[in-house]
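Q: Could you walk me through this model, starting with how you decide what counts as a strand or a pairing?

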There are 2 protein chains.
Amino acid sequence: MPPAVPSRIRITEVGPRDGLQNERQTVPTADKIAFINALSLSGVPEIEVSSFVSARQVPQLGDASEVFAGLTRARGVVYSALVPNLKGLEGALACRVEKIAVFTAASETFNRRNINATIAESIDRFAPVLSRAKAHAIAVRAYISCAVACPYEGPIQPSAVADVAQRLLDLGVDEIDLGETIGVAAPTDIDRLYEAVSAVVEPSRTTLHLHDTRGTALACLLRAIEIGVTSFDASSGGLGGCPFAPGASGNLATEDVVYCLNRMGMETGIDLRRIIGAGEIIQRAIGRPLPGRVFRAESPNR
Amino acid sequence: MPPAVPSRIRITEVGPRDGLQNERQTVPTADKIAFINALSLSGVPEIEVSSFVSARQVPQLGDASEVFAGLTRARGVVYSALVPNLKGLEGALACRVEKIAVFTAASETFNRRNINATIAESIDRFAPVLSRAKAHAIAVRAYISCAVACPYEGPIQPSAVADVAQRLLDLGVDEIDLGETIGVAAPTDIDRLYEAVSAVVEPSRTTLHLHDTRGTALACLLRAIEIGVTSFDASSGGLGGCPFAPGASGNLATEDVVYCLNRMGMETGIDLRRIIGAGEIIQRAIGRPLPGRVFRAESPNR
């Protein structure tokens, strides 16, 4: 008999941030707002809206303030943003962001290339961001990228991930988000990851962020649920495919998660029709077909 | 802890038959032969080569005899074909086919529309085919389509599938192949299916044939392995997408299975590079990108 499963799973929609950040072209602000407003009405409890990094570094998300100013907030939906430093936090506070995400990685090489800092330096930078966020009663998610493997270093030891998680928890973050950045994991990788991580944090206090590059993400999600994880990131239509591999999927598609969990008797609160409708808005804006399986099968406008 | 898993899983490559049957256009015979020859060298233990149905009904596979005559048989690879009746069996015998597959469904409506027969009539037609196949020491696989759901009737009762399986076993077939024809199943559907089916046949005597239309096929395969199933059908590159939903996946992609199982410590005997190379041959022939995730991520010619 398979293990008992929880009745409710929490999905954070990361398409507007992680998805659009990995699109080659920049989507007009009005299209982003229309996309987020449609997501807001789908029943998804949390949307990662944008990133307050410099527009020079991530031009695709250079309009974070305008997007926050333009969107219509729905009751019960948390609107969050990525924040790299105090300057970013000021931008987020000015936009009444309710939750922020800071980011590091379990790979030294990835951190150096991505944010030009060691893991220790990146965590040191979070300290003032966190204390100021706490002063404003803003919840803090901390991403740990490369939780299974790194594009430069290859396999990452689960103990290294647990170590970074411990340091972030010591700093006072509310939620650990484990990023399987390059989409190589099989369910056995999720077992090994949580064997180490659950020594420092309850699986139920973590979020798992999976990429579906090799078609394994949904199987990994289901294994994580068996382990006790109840919070996952996903992206409308699988938005965020690597621009260098046309059609290759990036983020695990929200619809694939919702469809499968519903069929297994688990609830996400997300209306499948409405989330597909949101994906159609952003599909038109980016001008290429989204790769999500359920999206492709069910969208009337495919 | 997850259940113990077997060390070896058997994959039957069904791209040349089920994949090409569902392509809109007919692929030239020489391309089919090149594809099958490349598959033969990938380490896959069994290839469903074609179908001896009338060329009028399935024009895409009207060249079954020519394909068998032209291919180079590799040692240790079983070359099988679909056979609807005695006439088809004669064609298969003339081509030295080593294994045949007969086909029915667990849905009366699907059977009527697909082969213009009731389930009982279809099984009656198998009797002479089977006895003649046995006389030639030809192994017989029996497909049961719509093992989870039917495009016309919707959900199919697992007990109905078990009943058809029992009747086929009574007739003397060697292997039951359960077809999840429309790609709607979640792992819980696989649980329910095998709760009923395992009352009449050991899971290890069945093959599971999954379609990845909604991204759930790999998760279903892994659940089936936990139940004791060790034989699966898959299609190179996910060949066989429904022609009416461009980009929507049809068959579970062989590469996705091989990649994930290898990473979990299970062996298929299939070389990932070589099976991707085979997919590239048929991708060029059909002139559209194959949807398989690993294929898209790893093919150097994508």
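A: Helices (H or I, at least four residues) and strands (E, at least two) are DSSP runs numbered from the N terminus, and two strands pair if DSSP finds at least two bridges between them. This is a predicted model, in which local features need pLDDT of at least 70 and side-chain atom pairs count only at pLDDT 80 or more, while totals for chains, interfaces and linings use all residues. Residues are numbered from 1 along each chain as its sequence is written, and chains are lettered from A and ligands numbered from 1 in the order in which they are written.

Q: Zooming out, what do the strands of chain B form, and in which order?
A: They form a closed barrel of eight strands with parallel pairing, in the order S1-S2-S3-S4-S5-S8-S9-S10. On average, neighbouring strands in this sheet are turned by 30 degrees against each other, direction ignored.

Q: Is S8(B) enclosed or open?
A: S8(B) is largely enclosed by the rest of the structure, because five of its six residues are buried; buried means 20 or more other C-beta atoms within 10 Å of the residue's own, exposed means 12 or fewer, and partly exposed lies in between, with C-beta atoms placed from the backbone.

Q: Switching topic: what rotation superposes chain A on chain B?
A: A rotation of 180 degrees with 0.0 Å of shift along its axis does so, with an RMSD of 0.0 Å, which is the relation of a two-fold axis. In chain A, the C-alpha nearest the axis belongs to Ala219(A), 2.3 Å from it. The superposition is by least squares on the C-alpha atoms of residues with pLDDT of at least 70 in both copies.

Q: How many residues of chain A are in contact with chain B?
A: There are 30 of them, in contact with 30 residues of chain B. On the chain A side, helices H8 (187-197), H9 (217-227), H10 (254-263) and H12 (293-298) each supply at least two residues. Because 100% of the interface residues of chain A are also interface residues in chain B, the copies meet through the same surface.

Q: Last one: which residues have the most contacts inside the largest nonpolar core?
A: Those are Leu221(A) and Leu221(B), in a core of 192 residues, a core being a set of buried Ala, Val, Leu, Ile, Met, Phe, Trp, Tyr and Cys residues joined through C-beta atoms within 7 Å. Not counting residues up to four places away in sequence, Leu221(B) touches Leu208(B), Leu210(B), Phe232(B), Leu252(B) and Val257(B).

Note on methods: Axes are lines fitted to C-alpha atoms, for helices over the stretch in contact, and angles run from 0 to 180 degrees between N-to-C directions. Two residues are in contact if their C-beta atoms, placed from the backbone, lie within 7 Å.
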